[in-house]
Amino acid sequence: MPFARLANATTPTCHIGLGLAAVGRPGYINLGRDQDLGEDRSVDALRARTRELLDAAYAQGVRYFDVARSYGRSEEFLADWLNGRPDIDDVVVGSKWGYTYTAGWSTDAERHEVKDHTLATYERQRAETDALLGDRLDLYQIHSVTPDSPALTDKDLHARLAEAAAGGLSVGFSTSGPAQADAIRAALAVTVDGEPLFRTVQSTFNVLETSAGPALAEAHDAGLTVIVKEGMANGRLAAPHAPDALRAVAEATGLGCDAVALAWILRRPWAGVVLSGAATLPQLVSNLHAPAVDLDVDQMTLLATLAEDPRVYWERRGQLPWH
């Protein structure tokens, strides 16, 4: 299990990872993207930005890096960085398959990604990922599993994933949508030859969307490593957009709204890794202050009042434009 490498880490940032969804492609649904990236979103510009973020994150103790086939050139950018840093042998690399990037490096494409959880897509994308990351890949996750995903019932796919696991690759899944808890529990029941198939789960969890919390606790108790994504709710919890309660707590702590939002997640005993989706160095530095935020019971309770109905949350997320 690759996350065992992080078990002995003692740096304050050992439970924070860096996800490259926001910098592996020119268009994404995060708020404030125009200010974050500016006008130059060429391949070379985003490759350089990614390298800068990876260098800074690693220097600050971050050891988990998260990419996906659908995050534009994120795998390529990460592979370039790893190849340029042969001294680095203590990171954990996770990627995802199940979505195909279709935007052609455009911000106004009609469709930016296409979902397909079939065995054929797994075979194709596994080969594509292997060509870039090779034996640096530690974790391969099914991207955005929902309760109706065929990946939960496809026995041939399960057999192939079990073969990969037998070869040393950890197999996991991510979730999205208002029924994340149902998807998590269904995935926990998937076995091959009587053994659980999945070793990790990556889900959206933040002060606005808390519905997956109990299921993630169950996954942790079952031995899975829990990775939390979208802790900033695609920018809705960043300072310019943060709700008043979050702003008040941030002011009291003297740190940023983002650090407080991530700290609230880190307080969960089941949260193994919480992803930063920073697109700029100042964002990353601020995110990495999260372990230093000391929230008291009243502040935790106040932040908990921000939770939305998951259907409302995901409807709003689905309306965010690709900038």
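**Group meeting: the pocket, the barrel and some helix pairs**

Okay, let's start with what surrounds the largest pocket. At least two lining residues each come from helix 1 (33-37), strand 6 (139-145), helix 9 (257-266), strand 12 (273-276), helix 10 (281-287) and helix 12 (310-319). Before I go on, please remember that this is a predicted model.

Which element gives the largest share of that lining? Helix 10 does, with four residues. The volume of the largest pocket comes out at about 1000 Å³. There are 49 lining residues, and the closest to the pocket centre are Tyr28, Asn30, Glu230, Asn234 and Gly235. If you sort the lining by class, you get 20 nonpolar, 20 polar and nine charged residues.

Eight strands form a closed barrel in the order 1-2-3-6-7-10-11-12, and the pairing is parallel. On average, neighbouring strands in this sheet are turned by 25° against each other, ignoring direction. Which residue does Thr204 stand opposite in strand 11? That would be Lys229.

Have a look at helix 6 as well, residues 180-188. Helix 6 lies across strand 6, strand 7 (170-175) and strand 10, and it runs at about 160° to strand 7.

On to the helix pairs. Two packed helices are described by the angle between their axes and the distance between the axes.

First up, helix 4 (residues 119-133) with helix 5 (residues 155-166): they pack at about 25°, with axes 9 Å apart. With that angle, helix 4 is roughly parallel to helix 5. From helix 4, the contact uses Leu119, Tyr122, Glu123 and Arg126, and from helix 5 it uses Asp156, Leu157, Arg160, Leu161 and Ala164. By class, the contact between helix 4 and helix 5 has five nonpolar residues, no polar ones and four charged.

Leu246, Arg247, Val249, Ala250 and Thr253 make the contact on the helix 8 side, with Cys257, Val260 and Ala261 on the helix 9 side. What classes do the residues of this contact divide into? For helix 8 with helix 9, it's six nonpolar, one polar and one charged.

Notes: Residues numbered from 1 in each chain as written. Predicted model: local features only at pLDDT ≥ 70, side-chain atom pairs only at ≥ 80, totals over all residues. Heavy atoms only, no water. 1 Å grid on protein atoms, 1.4 Å probe; cavity = no way out; pocket = protein on both sides within 12 Å on 5 of 7 lines; lining within 4 Å. Points joined across faces, edges and corners; volume = space filled by probe spheres on them. Nonpolar A, V, L, I, M, F, W, Y, C, P; charged D, E, K, R; others polar. Contact = heavy atoms within 4.5 Å. Pairing = 2+ DSSP bridges. Axes fitted to C-alpha atoms, helices over the stretch in contact; angles between N-to-C directions. Parallel < 35°, antiparallel > 145°, perpendicular 65-115°, else oblique.
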